[in-house]
Amino acid sequence: MLIRVLLRLVHHGDLLGIAGRYQPGAALPKEGVRVGFEGYGIVERAGDEVALKSGARVAFFPGKGAWSEKVIVSAEYVTEIPDNVSDEAAAQLHVNPLTAALLLRAVEASGAEPGRDVVVLTAAGSAVARLVIGLLLDRGFDVVGVIRRETGVNELNVVFPDLPVVSTDKPGWQGRVISAADGHPIGVVLDPVGGETASAAVGLLAQSGSLVSYGDLSGQPISVPALYFSTRDIRISGVTVGRWAGLPVEVRKADLQLELELAASKPDLFQVEKIFDLADVGEAAALVEKPGKSGTVLVASP
Ligand SMILES: NC(=O)c1ccc[n+]([C@@H]2O[C@H](COP(=O)([O-])OP(=O)(O)OC[C@H]3O[C@@H](n4cnc5c(N)ncnc54)[C@H](OP(=O)(O)O)[C@@H]3O)[C@@H](O)[C@H]2O)c1
């Protein structure tokens, strides 16, 4: 299916790909990188056997080259966008919300139970974390958010007024997370930061607790005392949306239904920081890595 791309999100993962950090030894692939896995646009041409026709509003994932003006994507990975979902939310429909769905499944698979276990999220103000927090709270989980700037506490409490939020820029933050858990075991930490933050967060986990890693914002390794594994049976695992396309079709359909409902009913979880012109994609990429954003960075075609 040929799609004219109107909007695409700049992901941290796009920047990791451009930097060659997904490859061993940080080597760039010889053939170069066609950047952008997801986008929103209009169908320009579809095969005879495809239900979607020219002019349909669609979002796609996984595709290759979403930072281009046009892409060819297999119809299997194209989602029609209903009228109650905005263009901006449609451009964010796949990678972040599907990662949130994978993280929710990881929490459920860990054995954590709503009402008993607390889930801690680091980088809790991120676009992905806000979606996960929304899903976890809807399912009755107690959640504690960890962020790196005290000024971000109020920003996150605008979206989730009752969420306990702890900032790591003041000493003793681990103690404040434990206080916020209010005597409940911390069953899961969801972490895209790594480094010192994740290493300290592992120390907060209860017996048989899990740290689920899904990013590398600090660029630093996670360091964990060996005894945590033998004496406390701590687990460390990870999720990537890169494996989502390989899931059974029924699971993918259910995930997409959930994402469309979320985009229609909770547009505040799809907040946009700024929309750049395609010619200024470099500036867009720079903004993605700047501290203090409260929404995603989109790039629009002329
Ligand atoms: N596994 C997957 O398949 C998958 C899919 C999508 C995204 N991700 C990952 O999920 C993470 C979040 O992505 P996003 O697009 O939601 O991010 P985002 O909206 O750009 O937000 C990034 C957040 O991380 C915080 N942050 C940045 N660097 C940090 C550091 N060194 N230490 C502590 N906090 C830091 C920022 O805090 P400030 O507010 O202070 O700037 C901000 O709240 C990224 O690591 C991304 O690669 C993974």
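Student: Why is helix α7 (residues 195-202) largely enclosed by the rest of the structure?

Tutor: Please note that this is a predicted model, in which local features need pLDDT of at least 70, side-chain atom pairs count only at pLDDT 80 or more, and totals for chains, interfaces and linings use all residues. Residues are numbered from 1 along each chain as its sequence is written, and side-chain values use heavy atoms, with hydrogens and water left out. Buried means under 20% relative accessible area (1.4 Å probe, protein chains only). Helix α7 is largely enclosed because six of its eight residues are buried. These are Gly195, Thr197, Ala198, Ser199, Ala201 and Val202.

Student: Which elements do the buried residues of α7 pack against?

Tutor: They pack against α6 (173-181), β9 (186-191), β10 (210-213), α8 (227-232) and β11 (235-238).

Student: Which residues come nearest to the ligand?

Tutor: A residue is near a molecule if one of its heavy atoms lies within 4 Å of it. Of the 24 residues around the ligand, the nearest are His12, Arg149, Val241, Gly292 and Lys293.

Student: Which element gives the most to the shell around the ligand?

Tutor: That element is α3, with three residues.

Note on methods. Helices (H or I, at least four residues) and strands (E, at least two) are DSSP runs, numbered from the N terminus. Buried means under 20% relative accessible area, exposed over 50%, partly exposed in between (1.4 Å probe, protein chains only). Contact means heavy atoms within 4.5 Å.
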